[in-house]
Amino acid sequence: MIQYGMFSDHGNELCGRIVSMAHQFNLTWPEVYTIMQFTADVNPGKVGEIMDTFVREKIYDACGFDTEFYI
C-alpha cells in the first residue's frame with residue numbers, strides 16, 4: 001500500500017481510492033481537491049489530515065498532475 005502520510009492505514013487506503021478514482025474518471029486537480037475537502041469536513045476526527053500539505057502533495061503527485069494550479 002502506498003503511504004500518503006495519513007495517520008492510519010485506513011486513511012492511506014482512502015487516499016489510494018481517491019487517486020484511483022481520479023485516474024478512472026480523468027478528474028482534474030480542483031475536482032480531486034474538492035473531494036479531499038469534503039472528506040475532511042465529513043470525517044475530521046478520522047481523516048482530517050488529508051488536507052495537510054504533505055498529504056495533498058502526495059495525492060497530487062500520485063494523480064500525475066504537473067501543470068495545473070496547485071492549491
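Here are some questions and answers on how the terms used for this predicted model apply to its helices.

This is a predicted model, where local features need pLDDT of at least 70, side-chain atom pairs count only at pLDDT 80 or more, and totals for chains, interfaces and linings use all residues. Residues are numbered from 1 along each chain as its sequence is written, and side-chain values use heavy atoms, with hydrogens and water left out.

Q: Why is Thr39 called buried?
A: Buried means under 20% relative accessible area, computed with a 1.4 Å probe on protein chains only. Thr39 has 12% relative accessibility, so Thr39 counts as buried.

Q: Which residues does Thr39 contact, leaving aside neighbours within four places in sequence?
A: They are Leu14, Ile18 and Val47, where contact means heavy atoms within 4.5 Å.

Q: How do you know what span is expected for helix 1?
A: The expected span is 1.5 Å times one less than the number of residues. Helix 1 has 16 residues and reaches 22 Å from its first C-alpha to its last, close to the expected 22 Å.

Q: Which residues of helix 1 are buried?
A: Gly11, Asn12, Leu14, Cys15, Gly16, Ile18, Val19 and Ala22 are. Their cover includes helix 2, helix 3 and helix 4.

Technical notes: Buried means under 20% relative accessible area, exposed over 50%, partly exposed in between (1.4 Å probe, protein chains only). Helices (H or I, at least four residues) and strands (E, at least two) are DSSP runs, numbered from the N terminus.
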